[in-house]
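Please view the sequence and the model together while reading.

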Amino acid sequence: MSPQANHIEVTHGTMRISVPRDIFEGPEAIPIPEKVAAFSDLVRGRYPWISENSVEVLMRNARKTMLTVLEEESHGMCVARLKEAKGDLDGAIAQMRRWAEKEPNNCEIWYYLGQLYFKAGRNDEGHKAMNRGRSLI
């Protein structure tokens with residue numbers, strides 16, 4: 001069974017539960033307390049044998065899944081931007097290098113990697129990354 005539109009699928013034990021994406025916000029997938037509470041009530045109503053602890057584990061797993069989905073949808077840029085915002089340029093560069101290896105023909109990845117190199121003062125590498133991105137257009 002695939003998840004509904006605007007949902008992510010989370011496995012808990014042998015159960016597969018479709019979790020609405022909108023209970024999280026932003027690139028860090030921060031849970032929105034009111035929406036999490038409403039969804040938790042819905043889950044416990046449908047599956048009365050599930051303990052409160054199990055619902056908490058389900059929600060932690062849902063957040064991890066959402067972070068993975070956001071990373072994949074943004075081709076790694078979501079995570080890299082968070083690292084960049086926290087001043088971790090080396091971490092952001094490493095993130096984008098991994099994605100450049102995964103998707104070597106994605107010009108957006110190369111452009112962003114180039115920008116990160118320039119911000120880190122690594123101009124030669126920045127030019128190479130930008131040129132690589134430009135060559136893909």
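Two strands pair if DSSP finds at least two bridges between them. Helices (H or I, at least four residues) and strands (E, at least two) are DSSP runs, numbered from the N terminus. This is a predicted model, in which local features need pLDDT of at least 70 and side-chain atom pairs count only at pLDDT 80 or more, while totals for chains, interfaces and linings use all residues. Residues are numbered from 1 along each chain as its sequence is written, and side-chain values use heavy atoms, with hydrogens and water left out.

**Strands 1 and 2**
- Strand 1 and strand 2 run antiparallel and are joined by six bridges.
- Isoleucine 8 stands opposite valine 19 of strand 2.
- Two residues lie between the strands of this hairpin, where glycine 13 has a positive phi near 65°.
- The covered face of strand 1 consists of Ile8, Val10 and His12, and the uncovered face of His7, Glu9 and Thr11.

**Nonpolar cores**
- A nonpolar core is a set of buried Ala, Val, Leu, Ile, Met, Phe, Trp, Tyr and Cys residues joined through side-chain atoms within 4.5 Å; buried means under 20% relative accessible area (1.4 Å probe, protein chains only), exposed over 50%, and partly exposed in between.
- The largest nonpolar core has 20 residues, and those with the most contacts inside it are Ile8, Val19, Ile23, Phe24, Phe39 and Met59.
- Strand 1 (7–12), strand 2 (15–20), helix 1 (33–46) and helix 2 (52–73) each supply at least two residues of this core.
- Helix 2 gives the largest share of this core, seven residues.
- A second, separate core has 14 residues, including Ala92, Met96, Trp99 and Leu116.

**Methionine 59**
- Methionine 59 lies in helix 2 and counts as buried because its relative accessibility is 10%.
- Leaving aside neighbours within four places in sequence, methionine 59 is in contact (heavy atoms within 4.5 Å) with Ile23, Phe24, Val36, Phe39 and Ser40.

**Helix 5**
- The 13 residues of helix 5 (residues 107–119) should span 18 Å at 1.5 Å a residue, which agrees with the 19 Å between its end C-alpha atoms; the expected span is 1.5 Å times one less than the number of residues.
- Its N-terminal end is capped by asparagine 106, with a side-chain oxygen 3.0 Å from the backbone nitrogen of glutamate 108.
- The buried residues of helix 5 pack against helix 3 (77–85), helix 4 (89–102) and helix 6 (123–135).
- Glycine 121, which follows helix 5, has a positive phi near 80°.

Definitions and conventions: Polar contact = N/O pair within 3.5 Å; in protein donor to acceptor, adjacent residues only side chain to side chain.
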